[in-house]
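Biologist: Before I plan anything around this chain, could we go through its fold together, one question at a time?

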Amino acid sequence: MSLRKFITNKTTAALAVLLTVFASTSALAQEAAAGAAAATKVDMGEVYKSVIFYVLIFLAICLFIAIIGKAIRVYELSREAQGKPVGINWNRVHASLFALFLVLGLYGVYWEYTVHGSMLLPDAASEHGKKIDQMFNITLIITTIVFIATHILLFGFAYIYKYSAKRKAYYYPHNNTIEKIWTIVPALVLTVLVLMGFLTWRSIFFKVEDPNNKPLQIEITSEQFKWSIRYPGADGIVGTKNYKLTTATNTLGIDFKDINSRDDEMADELVLPVNKAVKLILTSKDVIHSFYMPHFRVQLNTVPGMRTFFEFTPTKTTAEMQQETNDPNFKYLFYCAKICGSGHYNMQKVVRVVSDAEYKTWLAEQKTYLNDDLRKQFNLPVAPAPVKAEADSTATDSAAVKTNQMALNK
Ligand SMILES: [Cu+2]
């Protein structure tokens, strides 16, 4: 049997096998479908959701590609056996695929920017957030330009300089000028970007505090898997904590021997007055969590055994943001941004930015955390005169307040 005949016979046989398989499978499928339809109506939505469905689709696509590949191979071998030139110029095919990939890829970039670009966060709702957004935009513009230019060069070269029997490759091993350009230019651009980031970071974190306009202190404590928010009370200072004092009634281990702790209040949401500086004191009870408020461009780790700080000024109230986003249900939230365990996904709380008047009304409604049980525990007289007035008036208290403030600022 000649090679040609052999190939033809083999191809016919393979085709016959494939046809039989296809026919029997579709007949089987038809039967099954008819049976299923007769019994109950099958919800195909469930089928499309199963992993098996997608695995089978993937295998079917692989099989399809393999069949095409084999068919092409058979075609080429038969041409070779007949002494004809090879039918498909693979260099041209590959080069064209590169060109196609470039066009599709760049269109994909355009599509991403236009469709998903609008899903970015709305404008920053804090003072320093504007600087961070500006930096983000500059970096994005520069990297986009570089990305597009380098990809046009990369894929364009692969297309233009595809193999051709008519020309010979030019041996070009080294060029100092090009080496210098592609080392110095990116180094300069990156230096500028990094310096800009460093200076912005410094301006956010190392702000000189205005003694006449002290920021509002709020302490946030993270634990698996919730947040506790502690307001300072009338004295404006959150009191000290000690993990050794943690009990079932005093879950944060607040030290009520410290006079600053006695008027502290626990809140269920983070309520902030607009345009007022806020100093967040972050602590953690168990593992490292990360305090994250995307709309205010704030993120900082909460570390067990350590107090970390962040100062920022919210500039848009929740109501203003609801108007801006055209969403009457809009809520600021803060989250945990460090995978800290099984309940991590649920670590979030509402942030409400309100006018100064609304804030004062809300604050007046909050109750002190110190109750009679805790008073007994700390050997404090039960139910004395209101603590707020006490902390405000006595000279010794304000001295204690000052000492504590100094300790806090260290
Ligand atoms: Cu977490």
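Biologist: How many helices and strands does the chain have?
Modeller: In this predicted model, buried residues make up 15% of the 410 residues in the chain. As for secondary structure, the chain has 11 helices and 10 strands.

Biologist: Does helix α4 lie largely in the open or is it buried, and how far apart are its end C-alpha atoms?
Modeller: Of the 27 residues of α4, the number buried is 0, so the helix lies largely in the open. Counting 1.5 Å a residue, helix α4 (residues 90-116) should span 39 Å, which agrees with the separation in the model, where the end C-alpha atoms are 37 Å apart.

Biologist: How are α5 and α6 oriented, roughly parallel or roughly antiparallel?
Modeller: Helix α5 (residues 127-160) and helix α6 (residues 176-205) pack with their axes 10 Å apart, at an angle of about 170°. Because angles over 145 degrees count as such, α5 is roughly antiparallel to α6. Residues making the contact include Ile132 and Met135 of α5 and Val189 and Leu193 of α6. By class, this contact has 7 nonpolar, 4 polar and 1 charged residues, and the orientation asked for is roughly antiparallel.

Biologist: Which residues does Met293 contact, leaving aside its neighbours within four places in sequence?
Modeller: Met293 belongs to the largest nonpolar core, of 18 residues, and is among the members that touch the most others. The elements giving two or more residues to this core include β4 (270-273), β6 (289-293) and β10 (348-354). With those sequence neighbours set aside, the contacts of Met293 are Val298, Phe334 and Val351.

Methods
Residues are numbered from 1 along each chain as its sequence is written. This is a predicted model: local features need pLDDT of at least 70, side-chain atom pairs count only at pLDDT 80 or more; totals for chains, interfaces and linings use all residues. The expected span of a helix is 1.5 Å times one less than its number of residues. A residue is buried if 20 or more other C-beta atoms lie within 10 Å of its own, exposed if 12 or fewer, and partly exposed in between; C-beta atoms are placed from the backbone. Axes are lines fitted to C-alpha atoms, for helices over the stretch in contact, and angles run from 0 to 180 degrees between N-to-C directions. Angles under 35 degrees count as roughly parallel, over 145 as roughly antiparallel, 65 to 115 as roughly perpendicular and the rest as oblique. Two residues are in contact if their C-beta atoms, placed from the backbone, lie within 7 Å. Ala, Val, Leu, Ile, Met, Phe, Trp, Tyr, Cys and Pro count as nonpolar, Asp, Glu, Lys and Arg as charged, and the others, Gly among them, as polar. A nonpolar core is a set of buried Ala, Val, Leu, Ile, Met, Phe, Trp, Tyr and Cys residues joined through C-beta atoms within 7 Å.
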